[in-house]
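Thanks for asking me to look this one over. Here are my notes, in the order I would read them with the model open.

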Amino acid sequence: MEPYSYEIRTAIPSDASGIIECMQSVMSEKIYLVSEVYLYTERGQKEILRNPDDLNLVTVFRREVVGTMNIQRGIYKKNRHTANLGIAIKKEHRGKGFGSEMINRGIRWCREEGIVKLNLEVFSSNEDAIRLYEKLGFKIEGSRKGQFLVDEKYVDDVMMTVYPMEHLDDVGKTNLSHGMDH
Ligand SMILES: CC(C)(COP(=O)(O)OP(=O)(O)OC[C@H]1O[C@@H](n2cnc3c(N)ncnc32)[C@H](O)[C@@H]1OP(=O)(O)O)[C@@H](O)C(=O)NCCC(=O)NCCS
């Protein structure tokens, strides 16, 4: 493994096809995300990446997008103080600290942007992810019982929230197991 070969950075429009490929590979596993097919075209994905209201990060390994995180701010006056986080890392690249690093950067960005509430939704069956989000400062705010059928079992839609303005930096920071470019 090359040292310093992973990079976490803001996504640019030319990352669109890599992001689509990354999202589709995680959706194809069928147990982590609601949709099993990523519906955005490359053009649609580029539009998302150009939206100055939102944050899109990628983890890149040897020019391949192996992880992606999106924070989308509420689009109405009534919910612009909130944002939703979505994250997906390709199977072979999990457990190396990239998810934690992207989420911590996302929380910092929310604070700089004055976002009061950062939300995410996760299946109750995704216990490792829930534990990780708790470690990073998220708390369970509520759940919708039996909202999804995953792997032939009903699971809850767990809603988790962190308050970036009150959040300490880099809670639960893991040491990255591979060098980072920056
Ligand atoms: C959840 C996810 C974003 C975490 O990112 P990551 O880079 O794997 O996590 P990190 O390396 O920063 O942190 C490791 C922790 O994540 C936990 N984790 C959660 N889901 C995991 C998974 N599927 N594989 C490996 N580790 C996972 C590990 O248990 C580990 O906890 P520990 O530090 O107590 O041992 C990533 O595993 C992922 O994309 N999973 C599949 C898709 C998904 O669940 N998306 C979120 C839907 S809400």
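1. A word on terms to begin with: helices (H or I, at least four residues) and strands (E, at least two) are DSSP runs, numbered from the N terminus. With that in hand, Asn119 lies in strand β5. This is a predicted model, where local features need pLDDT of at least 70, side-chain atom pairs count only at pLDDT 80 or more, and totals for chains, interfaces and linings use all residues. Residues are numbered from 1 along each chain as its sequence is written.

2. The sheet is open and has seven strands, in the order β1-β2-β3-β4-β5-β7-β6, with mixed pairing; two strands pair if DSSP finds at least two bridges between them. At the edges are β1 (6-10) and β6 (139-150), each pairing on one side only. From one strand to the next, the twist averages 20°. Axes here are lines fitted to C-alpha atoms, for helices over the stretch in contact, and angles run from 0 to 180 degrees between N-to-C directions.

3. Two helices pack on this sheet. Helix α1 (residues 16-27) touches β2 (55-61), β3 (64-73) and β4 (82-89), and its direction makes about 90° with that of β3. Helix α3 (residues 98-113) touches β1, β2, β3, β4, β5 and β7, at about 30° to the direction of β3. Contact between two residues requires their C-beta atoms, placed from the backbone, to lie within 7 Å.

4. Back to β5: strand β5 (residues 117-123) runs antiparallel to β7 (residues 153-162), and six bridges join them. Leu120 has Met160 as its bridge partner in β7. Asn119 and Thr161 are 42 residues apart along the chain, yet their C-alpha atoms are separated by 4.5 Å. Beyond neighbours within four places in sequence, Asn119 contacts Thr82, Asn84, Met159 and Thr161.

5. Why is Asn119 classed as partly exposed? It has 17 other C-beta atoms within 10 Å, and a residue is buried with 20 or more other C-beta atoms within 10 Å of its own, exposed with 12 or fewer, and partly exposed in between, C-beta atoms being placed from the backbone.

6. Now the ligand: 20 residues surround it, the closest being Ile89, Arg94, Gly99, Ser100 and Asp128 (C-beta atom, placed from the backbone, within 6 Å of the molecule). The largest share of this shell, four residues, comes from α4. At least two shell residues each come from β4, α3, β5 and α4 (127-135).
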